[in-house]
Amino acid sequence: DRDVTGVQTCALPICESILAPYGGEIDHYWRARQSKPDLPPLPRLVMIFDEFARVLDTAPGFLKELVNVAGKGRSLGMHLVLATQSLQGKLSPELKNNISLRISLRQNEPADSTEVLGAPDAATIPGTLRGRGMILCTTDESRTPRLFQSGYLGDPPPGGGAGHTAVRALTWTDLGRSEERRVGKECRSR
């Protein structure tokens, strides 16, 4: 809880003042740096919270702090990665509204999948397909979860059932976009 409060009281105001001349957007600042190389680089901040649901049990006020950082921080280059085994109804509507990219590996319970993706689909992934998951970009017009395959480094290695994996090189800006989206529209998840 102390770390998020520090971000709110220190990092957010500093970033807001630096980015104010650039519309409060880190992306506008980086574009301005292309023509003004004397501007110092402004890094993005990624905060990772593992076992997010447990943190909410021990520090209920933590959710309010996260909602504030999620709401203001994205345009300032601050991003949250929230990880947990099961949310158990703890994800508030305010925080959900500020999470544009949602990822779920296989779930045992349809309710857990529905809480993350808005659909029970992640509970239908067979256990033999280790590393298989679903991703949802909430800014996507279809708002439909899509399957993906992550690397699996556990033991035992996955048995049959997993199909051939294709590898293709992508530019940084194409990473995370489906082939049709790379050609056409853009999913603006930050």
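Colleague: Is Arg143 buried, partly exposed or exposed?

Modeller: Please keep in mind that this is a predicted model. In it, Arg143 is partly exposed, with a relative accessible area of 46%.

Colleague: Where is Arg143 placed, and what is its phi?

Modeller: Arg143 sits in the loop between strand S4 (132-137) and strand S5 (146-149). Its phi is near 45°, a positive value in a residue other than glycine.

Colleague: What can you say about the phi of Glu51?

Modeller: Glu51 is not a glycine either, yet it has a positive phi of about 50°. Glu51 belongs to the loop between S1 and helix H3 (52-58).

Colleague: Let us turn to charges. How many salt bridges does a search of the whole structure find?

Modeller: The search finds 2 salt bridges. In one of them, the side chains of Arg44 and Asp27 meet at 2.5 Å, N to O. Arg44 lies in the loop between H2 and S1 and Asp27 in helix H2, so this pair ties together parts that are 17 residues apart in sequence.

Colleague: How exposed are Arg44 and Asp27?

Modeller: Arg44 is partly exposed, at 40% relative accessibility. Asp27 is also partly exposed, at 24%.

Colleague: And which residue forms a salt bridge with Arg146?

Modeller: That is Asp140, and the closest N and O atoms of the pair are 3.2 Å apart. Asp140 is buried, with a relative accessible area of 7%, whereas Arg146 counts as partly exposed at 31%.

Colleague: Back to H2, please. Which of its residues are buried?

Modeller: Helix H2 spans residues 26-35, and its buried residues are Ile26, Tyr29 and Ala32. They lie on the same side of H2, because they cover an arc of only 115° around the axis.

Colleague: Why would residues spaced like that point the same way?

Modeller: An α-helix has 3.6 residues a turn, so residues three or four places apart point the same way.

Colleague: Which exposed residues does the face turned away from the buried side of H2 carry?

Modeller: That face of H2 carries Gln34 and Ser35, which are exposed.

Colleague: Now the aromatic rings. How many aromatic pairs are found in the whole structure?

Modeller: The search finds 1 aromatic pair. It is formed by Tyr22 and Tyr29, with 5.1 Å centre to centre and 90° between the planes, which is an edge-to-face arrangement. Both Tyr22 and Tyr29 are buried.

Colleague: Which residues touch the most other members of the largest nonpolar core?

Modeller: This core has 32 residues, and those touching the most other members are Leu19, Tyr29, Phe52, Phe62, Leu63, Leu95 and Leu117. Two or more residues come from each of helix H1 (2-19), H2, S1, H3, helix H4 (62-73), helix H6 (110-117) and S4.

Colleague: Which element gives the largest share of the core?

Modeller: The largest share comes from H4, which gives 6 residues. As general background, nonpolar side chains tend to be buried together in soluble globular proteins.

Colleague: One last topic, the surface. Which residues form a nonpolar patch there?

Modeller: The patch is formed by Val46, Ile48 and Val81, which together have about 270 Å² of accessible area.

Colleague: Where is Val46 found, and how exposed is it?

Modeller: Val46 is part of strand S1, residues 45-49. With a relative accessible area of 47%, Val46 is partly exposed.

Methods. Residues are numbered from 1 along each chain as its sequence is written. This is a predicted model: local features need pLDDT of at least 70, side-chain atom pairs count only at pLDDT 80 or more; totals for chains, interfaces and linings use all residues. Side-chain values use heavy atoms; hydrogens and water are left out. Buried means under 20% relative accessible area, exposed over 50%, partly exposed in between (1.4 Å probe, protein chains only). Helices (H or I, at least four residues) and strands (E, at least two) are DSSP runs, numbered from the N terminus. The arc is that of the directions from the helix axis to the C-beta atoms. Rings of Phe, Tyr and Trp (its six-membered ring) pair if their centres lie within 6.5 Å; planes under 30 degrees apart count as stacked, over 60 as edge-to-face and the rest as tilted. Patches are made of residues with over 30% relative accessible area and no salt bridge: like charges are joined within 9 Å, nonpolar side chains (Val, Leu, Ile, Met, Phe, Trp, Tyr) within 5 Å. Accessible areas come from the Shrake-Rupley method with a 1.4 Å probe; for residues, only the protein chains shown count as cover. A salt bridge is a side-chain nitrogen of Lys or Arg within 4 Å of a carboxyl oxygen of Asp or Glu. A nonpolar core is a set of buried Ala, Val, Leu, Ile, Met, Phe, Trp, Tyr and Cys residues joined through side-chain atoms within 4.5 Å.
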